[in-house]
Protein chains: 6
Amino acid sequence: MNSPQVTREDGRADDELRPIKITRNWLDHPAGSVLIEFGRTRVLCAASASEGVPRWRKGSGLGWVTAEYAMLPASTNTRSDRESVKGRIGGRTHEISRLIGRSLRAVIDDKALGENTIQLDCDVLQADGGTRTAAITGAYVALADACAHLGVTGALTGSVAAVSVGIIDGIPRLDLPYVEDVRAETDMNVVMTGAGSFVEVQGTAEGAAFSRAELDALLGLAEKGCADLTRMQQEALAE
Amino acid sequence: MNSPQVTREDGRADDELRPIKITRNWLDHPAGSVLIEFGRTRVLCAASASEGVPRWRKGSGLGWVTAEYAMLPASTNTRSDRESVKGRIGGRTHEISRLIGRSLRAVIDDKALGENTIQLDCDVLQADGGTRTAAITGAYVALADACAHLGVTGALTGSVAAVSVGIIDGIPRLDLPYVEDVRAETDMNVVMTGAGSFVEVQGTAEGAAFSRAELDALLGLAEKGCADLTRMQQEALAE
Amino acid sequence: MNSPQVTREDGRADDELRPIKITRNWLDHPAGSVLIEFGRTRVLCAASASEGVPRWRKGSGLGWVTAEYAMLPASTNTRSDRESVKGRIGGRTHEISRLIGRSLRAVIDDKALGENTIQLDCDVLQADGGTRTAAITGAYVALADACAHLGVTGALTGSVAAVSVGIIDGIPRLDLPYVEDVRAETDMNVVMTGAGSFVEVQGTAEGAAFSRAELDALLGLAEKGCADLTRMQQEALAE
Amino acid sequence: MNSPQVTREDGRADDELRPIKITRNWLDHPAGSVLIEFGRTRVLCAASASEGVPRWRKGSGLGWVTAEYAMLPASTNTRSDRESVKGRIGGRTHEISRLIGRSLRAVIDDKALGENTIQLDCDVLQADGGTRTAAITGAYVALADACAHLGVTGALTGSVAAVSVGIIDGIPRLDLPYVEDVRAETDMNVVMTGAGSFVEVQGTAEGAAFSRAELDALLGLAEKGCADLTRMQQEALAE
Amino acid sequence: MNSPQVTREDGRADDELRPIKITRNWLDHPAGSVLIEFGRTRVLCAASASEGVPRWRKGSGLGWVTAEYAMLPASTNTRSDRESVKGRIGGRTHEISRLIGRSLRAVIDDKALGENTIQLDCDVLQADGGTRTAAITGAYVALADACAHLGVTGALTGSVAAVSVGIIDGIPRLDLPYVEDVRAETDMNVVMTGAGSFVEVQGTAEGAAFSRAELDALLGLAEKGCADLTRMQQEALAE
Amino acid sequence: MNSPQVTREDGRADDELRPIKITRNWLDHPAGSVLIEFGRTRVLCAASASEGVPRWRKGSGLGWVTAEYAMLPASTNTRSDRESVKGRIGGRTHEISRLIGRSLRAVIDDKALGENTIQLDCDVLQADGGTRTAAITGAYVALADACAHLGVTGALTGSVAAVSVGIIDGIPRLDLPYVEDVRAETDMNVVMTGAGSFVEVQGTAEGAAFSRAELDALLGLAEKGCADLTRMQQEALAE
């Protein structure tokens with residue numbers, strides 16, 4: 001099934017990211033805000049900083065970083081219903097919000113943050129695959145700006161980025177757009193620190209179960225992709 | 001109470017709109033989409049078109065236009081909680097969604113639309129006063145694009161635009177940003193057709209009740225503002 | 001379309017209110033309670049007074065007046081479902097509750113009220129058009145009784161009354177019953193103080209948009225109607 | 001513990017009902033409506049009739065009778081929060097709604113009713129003990145009117161009435177007002193047919209558990225009270 | 001209709017309980033836990049003890065006992081939907097939770113319990129009729145263990161057990177399994193103390209209303225059944 | 001940090017499972033039911049089979065397998081609140097329910113299942129770490145019984161089992177109980193087919209991020225554990 005002449009619809013190499021664009025300070029109000037684009041996927045990441053922490057953490061001397069993810073109704077191919085109108089948050093939304101929060105907390109020193117709260121909001125304006133990995137990658141930049149705003153840059157113990165990988169027609173590929181995502185036999189999201197360690201690995205067999213060798217190939221691709229994204233985050237923050 | 005030397009913080013004349021920007025086709029998926037800016041207020045208006053109508057309208061031969069309004073959590077000065085997380089939509093959101101829907105239906109011929117549904121989503125990305133009036137004004141343009149997409153431009157019987165007016169320090173003013181809005185003694189939102197008729201008039205005394213003369217002055221300002229917005233809508237649609 | 005011989009189904013003049021009946025102390029428990037009737041529309045308005053204010057207002061020295069509106073299921077022509085059973089309050093209910101609250105607060109001096117709360121409950125027992133205007137008009141009387149009960153009559157800076165007006169078959173008319181309401185091209189609710197100033201003006205084009213001249217005619221009718229209602233409120237309170 | 005000189009606050013004999021008042025056709029819209037008063041307890045019972053039955057009963061040839069009970073916020077001594085605002089119906093409300101529905105269905109022949117639905121709404125306007133028994137007693141009269149309205153009086157196989165009984169200071173008493181209800185050691189609600197059979201018996205030891213002898217005494221009182229109520233229902237329906 | 005040769009499907013005498021099995025300490029975490037079986041009905045009763053009481057009871061010196069009842073989805077003949085998924089607790093669940101709580105509080109001395117809370121959870125693992133009576137009977141044993149765990153055995157003023165009785169084909173019978181329950185003309189749940197007094201009597205005519213004589217017969221059967229259950233509870237606690 | 005003499009609290013080898021117990025047919029009603037125990041973790045897995053599929057799948061000829069996971073309140077160390085009482089399902093519950101469903105669907109041939117639905121309910125009776133992996137492992141056995149019950153054993157394309165692995169004090173370990181789980185630096189849940197392929201890999205850095213070498217070691221342990229579990233599933237199904 002795997003033949004060399006199979007190429008991706010958008011002409012990319014199998015280990016190549018889509019065009020990535022990181023626009024800082026897209027909003028006026030929050031301490032940090034980033035519009036991040038992975039190809040046509042567009043996520044608005046806002047980091048709102050406030051003094052104090054939730055009640056259960058008061059007096060601990062520790063800060064708190066948390067995240068919420070959501071999709072605008074018209075961000076998807078076919079309009080999706082609003083979760084506020086349905087009156088409940090779906091399982092997928094819950095899952096991704098929790099994933100983003102855990103990923104960012106992996107590079108935060110709660111003590112150095114002090115009793116401050118940073119709330120990340122990742123709202124998908126347009127979805128074309130990889131919204132959760134774009135959200136994590138953009139949210140890190142917004143978080144860095146919010147730490148600077150609070151004067152606690154020492155609270156960041158590293159950086160974090162994320163990318164999707166998958167097997168399509170037997171070929172491992174990096175950073176799947178929607179058309180590839182729906183056809184993937186295996187789909188994996190990998191979150192890594194800038195130093196090259198793993199924060200989250202979430203692989204799912206959509207069709208056939210995958211072998212250890214396939215898993216290893218996907219992890220290799222993800223390491224490459226996260227390293228590229230880390231460099232782009234640094235460039236954006238250097239501006 | 002009204003003295004000539006009092007000027008607005010942003011230097012505008014009392015009957016002058018903020019800089020208005022209408023960007024069409026800001027999204028790839030929906031039939032129509034507009035990013036509209038009234039100064040720093042930024043609302044993303046998407047018009048999703050689909051064949052068929054809600055069950056209660058089936059077989060009537062009539063179309064259906066409806067709208068939902070929402071604010072992103074980080075759009076406001078201080079972050080506001082997500083309504084999906086709270087599990088219920090607040091009264092203000094309900095009110096504005098209904099207002100937008102009524103305003104657009106005022107210029108729609110349901111019969112000419114046929115059994116199609118156009119769902120407007122107006123999501124406030126950044127709020128600086130006048131979000132509902134920006135939403136209506138932008139949503140009309142997205143609606144026009146969606147009608148063209150469906151091939152039913154005849155379903156539009158006219159255009160619709162909206163603006164806020166208010167009395168600040170005794171002076172009637174057009175298109176209030178947040179700093180003026182919170183200080184307004186009277187606050188009015190006016191929705192008008194391109195032909196100069198009224199669709200909605202909603203005036204509220206925030207402080208002291210207002211006289212008939214003050215009401216008349218506000219209506220005059222609104223007529224001027226809506227006429228200006230109508231011209232800008234036409235220019236945007238002509239591009 | 002407008003001809004002199006057109007008369008209203010109930011024989012009223014175009015600027016004439018339906019028979020209004022205000023019965024004070026209809027309930028034993030709350031500080032103030034009024035059964036108000038606008039023709040066949042019957043609303044039970046209760047004003048429950050309690051010491052203290054909501055948490056966010058504590059220590060301010062200011063009182064708090066708020067309102068909730070609801071319709072009994074069998075109050076309408078065709079039974080409507082209970083909002084408690086549906087588990088959520090509809091947009092219309094939210095809108096009207098907020099309108100009543102704002103209208104009453106327009107004649108309350110929060111400082112003179114002191115840290116007391118008055119909660120208005122306006123429950124529609126029977127609906128025949130104009131339920132929100134009946135609710136406001138009756139709630140004011142219940143509020144006045146509750147202020148007297150609390151010994152803070154000075155907290156009332158004036159009185160407030162409300163009436164609906166609309167254009168039916170091209171003719172502006174006062175105080176619309178259901179049969180007129182459903183046929184109205186334009187429908188407006190106006191809340192005014194006893195001194196003749198405006199507190200709220202909410203006009204909606206149900207069919208065709210309305211001209212400035214029509215708007216002016218409706219405002220004139222509303223001024224007449226609110227003045228009549230103010231007199232009836234005074235008579236009821238004088239008993 | 002039982003001494004002859006102990007008398008009730010309102011001067012009634014231990015086996016005497018409070019003044020009962022049944023006002024038919026209190027509302028214009030529903031097929032049957034009754035304002036029933038047990039002393040100061042006032043319940044508005046409406047029976048809305050409609051053709052057709054819920055989906056799960058379609059095609060069975062059988063009708064459906066159901067009931068909902070609720071209390072207005074200001075009906076109680078101290079204002080109680082609205083269940084629609086809380087977003088959920090409390091256990092007590094659920095329990096009583098189900099009790100009323102079962103009680104009425106006990107005297108309905110579903111086949112004779114045909115595929116019609118009668119929805120009872122029992123809304124407590126003022127509460128002074130015994131609201132559920134007043135609701136059942138009044139709802140039966142509204143139900144009878146609704147059956148007549150539908151032309152299916154044969155669907156009624158009998159009548160139904162209900163009363164509360166309890167032991168206060170060791171003395172069994174009939175039809176407890178609030179002041180007795182809160183002090184009762186045992187509290188029982190009994191629903192009976194006009195023919196003297198039992199439909200529901202719900203007895204609860206609020207303080208000490210009760211003996212078989214006490215239970216027997218309470219049942220005797222309830223038989224007397226229900227017989228009295230049955231007579232009053234007949235008189236009301238004869239008018 | 002009543003003939004001597006009619007026997008029960010499971011061969012029991014009319015006044016005979018199903019095989020009862022009480023297994024203490026079925027769980028490791030809670031202070032008391034009991035798996036109780038009434039024939040094939042299996043209920044897991046856990047009593048979680050904690051210091052402190054709900055806010056509204058703080059400083060009173062009194063303890064608090066409360067209960068929640070629920071059925072696992074697969075416990076019933078046909079799978080029933082999860083109430084957590086539906087987002088609301090049904091009326092029947094509410095009713096039974098309240099009944100269990102009241103029944104247990106009838107044998108608790110709040111003062112002797114001190115400011116401690118015991119939360120009973122009664123989860124039906126398998127349902128074959130009589131789940132609420134099994135729950136009460138088992139919960140009492142778990143409650144006794146929790147009181148011992150807290151060192152407040154003096155807080156128990158007695159024991160409590162419950163059983164269902166009903167009339168099937170005209171014959172009063174004790175402890176109905178599902179097949180009898182669905183055919184019962186009258187269904188009654190009776191909760192009694194170990195000393196033979198009544199705590200709750202809840203009788204419902206499912207088909208025809210019942211006579212005083214039938215009611216008396218059912219109460220007699222229940223007295224017998226509760227006495228048997230009381231003895232089994234004592235045996236289980238003596239182990 | 002890693003030293004040979006460090007042993008596990010329960011004396012197990014690092015690559016050793018806890019005692020596993022699989023009891024089939026623990027319930028009478030559902031088509032398949034299993035009580036599975038991983039040490040003190042006890043999960044009741046029920047597979048309810050029914051003809052037909054959800055509306056959105058009708059006419060496709062394909063079956064549907066889905067799962068719901070929940071914890072009894074008293075299953076945890078400290079009692080946890082009921083999600084039905086809170087009125088919403090938490091993110092963790094959603095995540096695990098979705099994981100179980102995906103894992104089982106990985107070994108189901110929808111076409112061979114035909115238009116039948118199998119609903120898995122995994123209710124945690126007692127929690128001591130690894131509840132989701134026990135649930136998947138037990139649910140597979142219940143699913144196999146349900147397929148046999150429906151006469152569609154051909155719908156199973158393989159078996160599926162799951163186990164947790166983690167790094168504690170620098171040492172990779174298999175099948176973590178609660179005391180190890182809370183101390184783990186990295187925590188991974190792995191779902192594999194009986195044939196040794198991966199269905200899901202979910203690894204999370206709880207403390208420090210993990211290296212590729214650590215990831216590889218964990219995957220090796222998981223392969224060993226899943227192979228052991230697969231053998232036990234086969235033995236249980238052979239009985």
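What follows is a set of questions on how each label was reached.

Modeller: One caution before you start. This is a predicted model.

Colleague: Start with the annotated site. Which residues does UniProt list under "binding site"?

Modeller: The unreviewed UniProt entry gives Arg92(A), Gly130(A), Thr131(A) and Arg132(A).

Colleague: What makes them one spot, given that they span 41 residues in sequence?

Modeller: No two of their C-alpha atoms are more than 13.5 Å apart, so they gather at one spot.

Colleague: Why is Gly130(A) called buried?

Modeller: The cut-off is under 20% relative accessible area. Gly130(A) has 17%, so it counts as buried. Its place is the loop between β5 (116-126) and α4 (131-150) of chain A.

Colleague: What does Gly130(A) touch beyond its sequence neighbours?

Modeller: Leaving out residues within four places in sequence, Gly130(A) contacts Arg18(A), Thr41(A) and Leu176(A).

Colleague: And Arg132(A), buried or exposed?

Modeller: Its relative accessible area is 18%. Buried means under 20%, so Arg132(A) is buried. This residue sits in helix α4 of chain A. Its contacts, not counting residues up to four places away, are Tyr69(A), Arg92(A), Ile96(A), Leu99(A), Asn189(A) and Gln202(A). One of these, Arg92(A), is also on the UniProt list.

Colleague: Now α4 in chain F. How do you know that its length agrees with its residue count?

Modeller: Helix α4 (residues 131-150) of chain F has 20 residues. At 1.5 Å a residue they should span 28 Å. The end C-alpha atoms are 28 Å apart, which agrees.

Colleague: Why is α4(F) called largely enclosed?

Modeller: Because 17 of its 20 residues are buried.

Colleague: What comes just after α4(F)?

Modeller: Gly151(F), with a positive phi of about 75°.

Colleague: What about the hairpin of β6(C) and β7(C)?

Modeller: Two residues lie between the strands, and Asp169(C) takes a positive phi near 50°. Val165(C) has Leu174(C) as its bridge partner in β7(C).

Colleague: Last one. Why is the relation of chain D to chain C called two-fold?

Modeller: A rotation of 180° with 0.0 Å of shift along its axis superposes chain D on chain C, at an RMSD of 0.0 Å. That is the relation of a two-fold axis. In chain D, Ser84(D) comes closest to the rotation axis, its C-alpha being at 1.8 Å.

Colleague: How do you know that the copies meet through the same surface?

Modeller: 100% of the interface residues of chain D are also interface residues in chain C, so the surface is the same.

Notes. Residues are numbered from 1 along each chain as its sequence is written. Chains are lettered from A and ligands numbered from 1 in the order in which they are written. This is a predicted model: local features need pLDDT of at least 70, side-chain atom pairs count only at pLDDT 80 or more; totals for chains, interfaces and linings use all residues. Side-chain values use heavy atoms; hydrogens and water are left out. UniProt positions are given in the numbering used here, feature names are shortened, and annotations may be inferred rather than shown by experiment. Helices (H or I, at least four residues) and strands (E, at least two) are DSSP runs, numbered from the N terminus. Buried means under 20% relative accessible area, exposed over 50%, partly exposed in between (1.4 Å probe, protein chains only). Contact means heavy atoms within 4.5 Å. The expected span of a helix is 1.5 Å times one less than its number of residues. Two strands pair if DSSP finds at least two bridges between them. Copies are superposed by least squares on the C-alpha atoms of residues with pLDDT of at least 70 in both.
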